[in-house]
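Let's take a tour through the inside of a protein. Have the sequence and the 3D view open as you read, and look up each residue when it comes up.

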Amino acid sequence: MTVASSKKSSALSTTFTASRKMSQGTSTDPYKIAILPGDGAGPEMMEATLEILQALSSMTDIYFQFQTAHFGSEAYLKLGKPVPEETIEICKNSDAVLRGYEGYTRTASTGNQQLRSALGLFAQLRPVVVYKELADMSTLKRQVVEGVDIMVVREVSGGALSIDENTAPFGENESEAFSTIKYKDSQVYRIMEIAASIASRRSGRICNVDKADVMKVSQFWRRCIHDFVKQNISGGYIDICDMYADDCARELILRPRQFDTIITSNLFGDIISEVAVALAGPARLSPSAWLSIDGFGVYGPADVFNISAYPESTLPAYSSNTSREDGGFGNFKPYTSPIAMIRSASMMLRYSLDQPAAADLLQQALQRTMEDILNSEVSQNGSFLESGAIGTKAFVEAMLRSLQYLKQYVQVCDPEICGE
């Protein structure tokens, strides 16, 4: 079965979405995917996702070659670095990267930051989808959150959270401290290019989020955003508006369905994306992508499992095994499901491999799986996630059944409906 493309055409002249050889993704020239299993439940979730991708491969004539590399605590214990040089080289020689959780080795300069810096990744994509099957898991009313489908495009190479800022000297006896928020126009232009390309595949609506009322750097950011639109976008297929960050946080809670694509800077993006993700409830289901301008990207769960971030009293909310006998390594796994990693693989297919129809197929299989599980194996309200009633193996088996069912049809849907 070969799936047909459902990709929307874009009037934007952009280098995003790298040009691929016609032979790439075939049995003789498979996509090279670097695999970074990561910490905690990362290896288990990665294994599940690779099994699903292999099944997808057999149904779509899209072929993959996986190469595993050291990353996170496993790399730190063996090689003394969370991201060794050999891992960087494997990633650079790949078409895309699938990444698990990183948390045990998180410091002021995390392995994730080192990975982004070494690979020249400056844009983060944070899709927020409230599936109707799981809408009751939200702490907000179903009528407020059902149907929410937001893409947060966040600049991650500059601003107050950049790796340069985080590695600045700091002494314990200082009487004052400051952080610098700094952007060049080229940084703003390139993140807007990504956002416009993403929005053109969706509704075309972009909301720029900043603090231009009180911050000069935000005034500069906003001017660059609108300059880019005037200089590069014609035909009216992109509709851009502006909103202050505090207003956006409020509106995300009150009227989240008004948003489609959000573009924002590093600091505000860190906060806005977490507010948006919380619309779907406490389960850790969110994927993310870090991209370069040519479409190369690192994909994995958005929630970094960082054991130091959660006090001992809160650990049961994040873990299915609170044993600390191994000193915080190995046996300690966050409570999770394969959903975030599967959604990350779907994003990889869409944005780095330019296989939107295969990404749609994976999304449809995921939604069908959630429907089947909720209707036949558990009671209501996404309890298979909250209680761990459905293990990873059972979930994968359900996904494979869904893919097998969809194999009978060319199931391609509009990215505005099931894309992310």
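What follows is a short walk from the whole chain down to single residues.

## The big picture

First, keep in mind that this is a predicted model. The protein has 420 residues, and 55% of them count as buried. Its chain forms 15 helices and twelve strands.

In soluble globular proteins, nonpolar side chains tend to be buried together. Here, the largest nonpolar core has 76 residues. The ones with the most contacts inside that core are Ile33, Leu53, Leu98, Leu125, Met192, Tyr299 and Leu349. Another core, of 20 residues, lies apart from the largest one, and its members include Val128, Val130, Cys207 and Cys248.

Leaving aside residues up to four places away in sequence, Tyr299 touches a run of Ala96, Val97, Leu98 and Arg99, among others. Its other partners include Ser288, Ala289 and Leu291, as well as Met347, Met348 and Tyr351.

## Empty spaces inside

Rolling a probe the size of a water molecule over the atoms shows where empty space is left. How many cavities of 30 Å³ or more turn up? The count is five. The largest cavity has a volume of about 130 Å³. It is lined by 13 residues, and the closest to its centre are Val129, Ala280, Leu285, Ser286 and Arg343. Strand 4 (residues 123-129) gives the most to this lining, with three residues. Sorted by type, the lining of the largest cavity has ten nonpolar residues, two polar and one charged.

The second largest cavity holds about 100 Å³ of space. There are 13 residues lining this one, and Ile181, Val217, Ser218, Ser265 and Phe268 are the closest to its centre. Helix 8 (216-232) and helix 10 (266-277) are the elements that give two or more residues to the lining of the second largest cavity. By type, that lining has eight nonpolar residues, four polar and one charged.

Now zoom in on Asp210, which sits in strand 6 (residues 205-210). Is Asp210 buried or exposed? Asp210 counts as buried because its relative accessible area is 1%, and the cut-off is under 20%. Its side chain makes a polar contact of 2.9 Å with the side chain of Asn208. The Asp210 side chain also reaches the backbone nitrogen of Ala212, at 3.1 Å. Beyond four places away in sequence, Asp210 touches Ser218, Trp221, Arg222, Met243, Tyr244, Ala245 and Phe268.

The C-alpha atoms of Met243 and Val209 are 5.0 Å apart, although the two residues are 34 residues apart in sequence. Among the residues Met243 touches are Cys207, Asn208, Val209 and Asp210, along with Glu251, Gln258 and Phe259.

Which residues of helix 4 are buried? They are Gly111, Asn112, Gln113, Leu115, Arg116 and Leu119. Asn112, in helix 4 (residues 111-119), has a relative accessible area of 4%. Just after helix 4 comes Gly120, which takes a positive phi of about 70°.

Last stop: Arg350, in helix 11 (residues 339-351). The side chain of Arg350 makes a polar contact of 2.8 Å with the side chain of Asp360. Arg350 is buried, with a relative accessible area of 4%.

Conventions:
Residues numbered from 1 in each chain as written. Predicted model: local features only at pLDDT ≥ 70, side-chain atom pairs only at ≥ 80, totals over all residues. Heavy atoms only, no water. Helix = DSSP H or I, 4+ residues; strand = E, 2+ residues; numbered from the N terminus. Buried < 20%, exposed > 50% of the residue type's maximum accessible area, 1.4 Å probe, protein only. Polar contact = N/O pair within 3.5 Å; in protein donor to acceptor, adjacent residues only side chain to side chain. Contact = heavy atoms within 4.5 Å. Core = buried A, V, L, I, M, F, W, Y, C linked by side-chain atoms within 4.5 Å. 1 Å grid on protein atoms, 1.4 Å probe; cavity = no way out; pocket = protein on both sides within 12 Å on 5 of 7 lines; lining within 4 Å. Points joined across faces, edges and corners; volume = space filled by probe spheres on them. Nonpolar A, V, L, I, M, F, W, Y, C, P; charged D, E, K, R; others polar.
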